[in-house]
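Q: Got a structure to go through with you. Can we take it piece by piece?

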Amino acid sequence: MMKEIYLAGGCFWGTEHFFKQIEGVVETEVGFANGFTEAPTYKEVYTDTTGYAETVRIRYDEQRADLEFLLNLFFKAIEPTSLNRQGHDEGTRYRTGVYYTDEADLTAIRKVLAEQQAMLDAPIAVEVEPLRNFYPAEDYHQDYLDKNPDGYCHLPLELFAWARNQHNPNRP
């Protein structure tokens, strides 16, 4: 069964590349989520005046990668207590977030956030909201690190190799 979740983890180039490594993720698309303007461009979102977060739409095969598994991996790729900043990238467009389209996903989302919070000394700054809107980013942003292997990324390269080797312990 195919499902979708929208994750904001700072710069969407690295977040997309990270999730593309994970078995069970069948499609990714970078874009802008939960802002208040129509059809924003990257240039507009970059001003931090549109309310959008750089976000990755993740389509996944629930038989191979369930939501809890994906969210636990997401927490390996973000600094969850950092507000509006990931790595050297700063601004509201780089906030972290989990945006869902299915209310039933809230159970798994809340469970993972509670488990992650229990391991931290500071409060988690990851927002959890229903997806209000999502606009795909321009074509040159899609699969950016595949097209530009030496391109900028706030995530360490070792994290991509690590993600390729992760398997959902709850699935065959």
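Q: Let's start with Asp-66. Buried or exposed?
A: Buried. This is a predicted model, and in it Asp-66 has a relative accessibility of 12%. The cut-off for buried is under 20%, so Asp-66 qualifies.

Q: Where is Asp-66 found?
A: In the loop between strand 3 (53–61) and helix 3.

Q: And what does the side chain of Asp-66 lie 2.9 Å from?
A: The backbone nitrogen of Phe-69. The distance is from that nitrogen to a polar atom of the Asp-66 side chain.

Q: Which residues is Asp-66 in contact with, leaving aside neighbours within four places in sequence?
A: Tyr-60, Asn-168, Asn-170 and Arg-171.

Q: OK, on to helix 3. How does it cross helix 4?
A: The axes of helix 3 and helix 4 (residues 106–118) cross at roughly 35°. They come within 9 Å. The crossing is right-handed.

Q: Which residues make that contact?
A: Helix 3 brings Leu-67, Glu-68, Leu-71 and Asn-72. From helix 4 come Ala-108, Ile-109, Lys-111, Val-112, Glu-115 and Gln-116.

Q: How do they divide into nonpolar, polar and charged?
A: Five are nonpolar, two polar and three charged.

Q: Now the largest nonpolar core. Which residues touch the most other members?
A: Ile-5, Phe-18 and Ile-22. The core has 45 residues. Its largest share comes from helix 3 (residues 67–74), with six residues.

Q: What does Ile-5 touch, not counting residues up to four places away in sequence?
A: Val-56, Arg-57, Ile-58, Tyr-60, Leu-67, Val-98, Tyr-99, Tyr-100 and Ile-109.

Q: Switching to helix 1. Why is it largely enclosed by the rest of the structure?
A: Because eight of its nine residues are buried. Helix 1 covers residues 12–20.

Q: Which ones are buried in helix 1?
A: Phe-12, Trp-13, Gly-14, Thr-15, Glu-16, His-17, Phe-18 and Phe-19.

Q: Backbone next. What about the phi of Asn-34?
A: Positive, at about 60°. Asn-34 is not a glycine. Most residues other than glycine have a negative phi.

Q: Where is Asn-34 found?
A: In the loop between strand 2 (25–33) and helix 2 (42–45). Asn-34 is buried, with a relative accessible area of 3%.

Q: Last one, Tyr-140. Where is it found?
A: In the loop between strand 8 (134–136) and helix 5 (144–147). Tyr-140 is partly exposed, at 48% relative accessible area.

Q: What does the side chain of Tyr-140 make a polar contact with?
A: The side chain of His-141, at 3.1 Å. Not counting residues up to four places away in sequence, Tyr-140 touches Tyr-42 and Lys-147.

Q: How are Tyr-140 and Cys-153 separated?
A: They are 13 residues apart along the chain, and their C-alpha atoms are separated by 15 Å.

Methods. Residues numbered from 1 in each chain as written. Predicted model: local features only at pLDDT ≥ 70, side-chain atom pairs only at ≥ 80, totals over all residues. Heavy atoms only, no water. Core = buried A, V, L, I, M, F, W, Y, C linked by side-chain atoms within 4.5 Å. Buried < 20%, exposed > 50% of the residue type's maximum accessible area, 1.4 Å probe, protein only. Helix = DSSP H or I, 4+ residues; strand = E, 2+ residues; numbered from the N terminus. Contact = heavy atoms within 4.5 Å. Axes fitted to C-alpha atoms, helices over the stretch in contact; angles between N-to-C directions. Left-handed = near helix turned anticlockwise from the far one by under 90°. Nonpolar A, V, L, I, M, F, W, Y, C, P; charged D, E, K, R; others polar. Polar contact = N/O pair within 3.5 Å; in protein donor to acceptor, adjacent residues only side chain to side chain.
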